[in-house]
Amino acid sequence: PNWRQVFSYRCFYRGTELCNLHISMASRIDAMGHKADGKSVPIKASKKSVRPTRDKMPSWVPRAIALFWVGAIAMLVVRELFHQLSDFLILLVISLFLALAIEPAVNRLAARGWKRGAATGLFLLSVFVAVISFGAAIGTLVATQTQALIDNRDQYVRETVEFINNTFGTSINPQSWITAISDPNGSVNNFLTNQQDRVVGLSLTALSGLLQILSITLFTFYFISDGPRLRRALCSRLPIKQQRVVLTLWDLAIAKTGGYIYSRALLAVISALFHWIVFQSIGTPAPIALAIWVGLISQFLPVVGTYLAGILPILLAFLESPIKALIVIIFIAVYQQFENFFLAPRVTARTLELHAAVAFGAAISGGAVLGPIGAVLALPFAAMVQGFSSSWGKRYEIVENPLVVLPSAKPTKVKKRK
């Protein structure tokens, strides 16, 4: 064959780079295109590219459809399992929260030679006895006052009606109210009769609550006593760098949860002390039990705890005298403002380091998700998130701008000695 044809034919398949070679390379290409016997080497033509038809389904479509349905079914299964196990998961979260709060004290006893199981059992038993004793005291107080209300209902009605008439200038007849309350077919007796039908339901609810408390206690015991073993099992599955991150987060959770419990307990003691002084001075029944009730409920139930805690002392004081009930209402409102704007920011800033607005928003969000339990657990969780976010990432220098200037502290005046 002609050497120029071979040259152009090979340039077509080798690309446009060979077209720029010098004409002197033609002899070499001619030699490469022949065998030793002088016969030319046949060059196979490339196969033409076959275009796929548009009617044929791509191979990935069946796999995508199958993957979609498998994912949808798996999502429905997970959603149903989460719905069925939601109560159990809440119990685990509460147990973990209590374990994080009690573990520092157990660690101190373990460092002094106590076994972790014995130290954990001692603390849980102390908490259980304290809760049962407090519940029994409040229950006895409510039952006693309820019985006194039933026995002296006519006197209470007369005193209440006289107070309303003298205060607001009304002319209500107390005897009509006494007759309506004493009427066997009246609305009051019908209400009490209807409530008797709910005794069985309330008993079952109380039994269910007791079983949940026992379950929480059991899980809390295992979380604390086997805490090091649980952390070793978790860290054994992670690289060293991730182990440090997990242990740092765990230590931060213990510190923030312990700080939350300490701050709430301190505020509860202060609240109980102030309320006991007022209850004792006005002569409310069982002032110590009522003060402890107000202190605990108002501190460990955020947002609505103060109002729920104030209902019981207000009702009991109202049975004694409407004036006493009014004094209790005024004091609770004033103390709440004093605590929100003076006590709580100072105590929380030192123990929990959580801004008041963040605490308020976290309590509302937790209450919307998990109810009262979520409102309680949201504060230490928000403190953990805030602590982790503050210790993670880089910090940069702030530019000079009036929008970022913080108010400086007032200089302390030093008295000159004469």
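**Close-up views of a predicted model**

**Figure 1. Lining of the largest cavity.** H11, H12, helix H13 (305–320) and helix H14 (322–351) each contribute at least two residues to the lining of the largest cavity. The model shown here and in the other views is predicted. The greatest contribution, 4 residues, is that of H14. The lining consists of Ser271, His275, Val294, Ser298, Thr306, Gly310, Ile332, Tyr335, Gln336 and Glu339. By class, 3 of the lining residues are nonpolar, 6 polar and 1 charged. The volume of this cavity is about 50 Å³. Val294 and Ser298 of the lining are among the buried residues of H12.

**Figure 2. The second largest cavity.** A search of the whole structure gives 2 cavities of 30 Å³ or more. The second largest cavity holds about 40 Å³ of space. Leu96, Ala99, Leu100, Glu103, Phe223, Arg231 and Trp250 form its lining. H4 supplies the largest share of this lining, 4 residues. The lining of the second largest cavity has 5 nonpolar and 2 charged residues, and no polar ones.

**Figure 3. The largest pocket.** The space in the largest pocket amounts to about 1,700 Å³. It is lined by 36 residues, of which Ile94, Leu98, Val127, Val131 and Ile213 are the closest to the pocket centre. Two or more lining residues come from each of helix H4 (86–111), H5, helix H9 (199–225), helix H11 (240–282), H12 and helix H16 (372–391). With 10 residues, H5 provides the largest share of the lining. Sorted by class, the pocket lining comprises 30 nonpolar, 5 polar and 1 charged residues.

**Figure 4. Helix H12.** This helix covers residues 287–300, 14 residues in total. The buried residues of H12 are Pro287, Ala289, Leu290, Ala291, Val294, Gly295, Ile297, Ser298 and Gln299. H12 gives two or more residues to the lining of the largest pocket and at least two to that of the largest cavity.

**Figure 5. Ala286, in the loop between H11 and H12.** Ala286 is placed in the loop that lies between these two helices. Its phi angle is near 50 degrees, a positive value in a residue other than glycine. The relative accessible area of Ala286 is 33%, so the residue counts as partly exposed.

**Figure 6. Aromatic pairs.** The structure contains 9 aromatic pairs. In one of them, Phe68 and Trp69, the ring centres are 5.5 Å apart and the planes stand at 75 degrees, over the 60 degree limit, so the pair is edge-to-face. Both Phe68 and Trp69 are exposed. In the pair of Phe134 and Trp293, the centres are 6.4 Å apart and the planes lie at 20 degrees, under the 30 degree limit, so this pair is stacked. Phe134 belongs to helix H5 (residues 116–151) and Trp293 to helix H12, so the pair ties together parts that are 159 residues apart in sequence. With a relative accessible area of 19%, under the 20% cut-off, Phe134 is buried.

**Figure 7. An aromatic cluster.** Phe274, Phe331, Tyr335, Phe338 and Phe342 make up one aromatic cluster.

**Figure 8. Surroundings of Ile138.** Ile138 is located in helix H5. Its relative accessible area is 9%, so Ile138 is buried. Leaving aside residues up to four places away in sequence, Ile138 touches Ala289, Trp293 and Leu312. Of these, Ala289 is buried in H12, and Trp293 also lies in H12. Ile138 and Leu312 are 174 residues apart along the chain, and their C-alpha atoms are separated by 9.8 Å.

**Figure 9. The whole chain, for orientation.** The protein chain has 16 helices and 0 strands. Of its 418 residues, 26% are buried. Among contacts between residues at least 6 apart in sequence, 59% join residues at least 24 apart.

Methods. Residues are numbered from 1 along each chain as its sequence is written. This is a predicted model: local features need pLDDT of at least 70, side-chain atom pairs count only at pLDDT 80 or more; totals for chains, interfaces and linings use all residues. Side-chain values use heavy atoms; hydrogens and water are left out. The expected span of a helix is 1.5 Å times one less than its number of residues. Buried means under 20% relative accessible area, exposed over 50%, partly exposed in between (1.4 Å probe, protein chains only). Rings of Phe, Tyr and Trp (its six-membered ring) pair if their centres lie within 6.5 Å; planes under 30 degrees apart count as stacked, over 60 as edge-to-face and the rest as tilted. On a 1 Å grid over the protein atoms alone, a cavity is a set of points where a 1.4 Å probe fits but cannot get out, and a pocket is an open set with protein on both sides within 12 Å along at least five of seven lines; lining residues have an atom within 4 Å of a point. Grid points are joined across faces, edges and corners, and a volume is the space filled by probe spheres set on the points. Ala, Val, Leu, Ile, Met, Phe, Trp, Tyr, Cys and Pro count as nonpolar, Asp, Glu, Lys and Arg as charged, and the others, Gly among them, as polar. Contact means heavy atoms within 4.5 Å.
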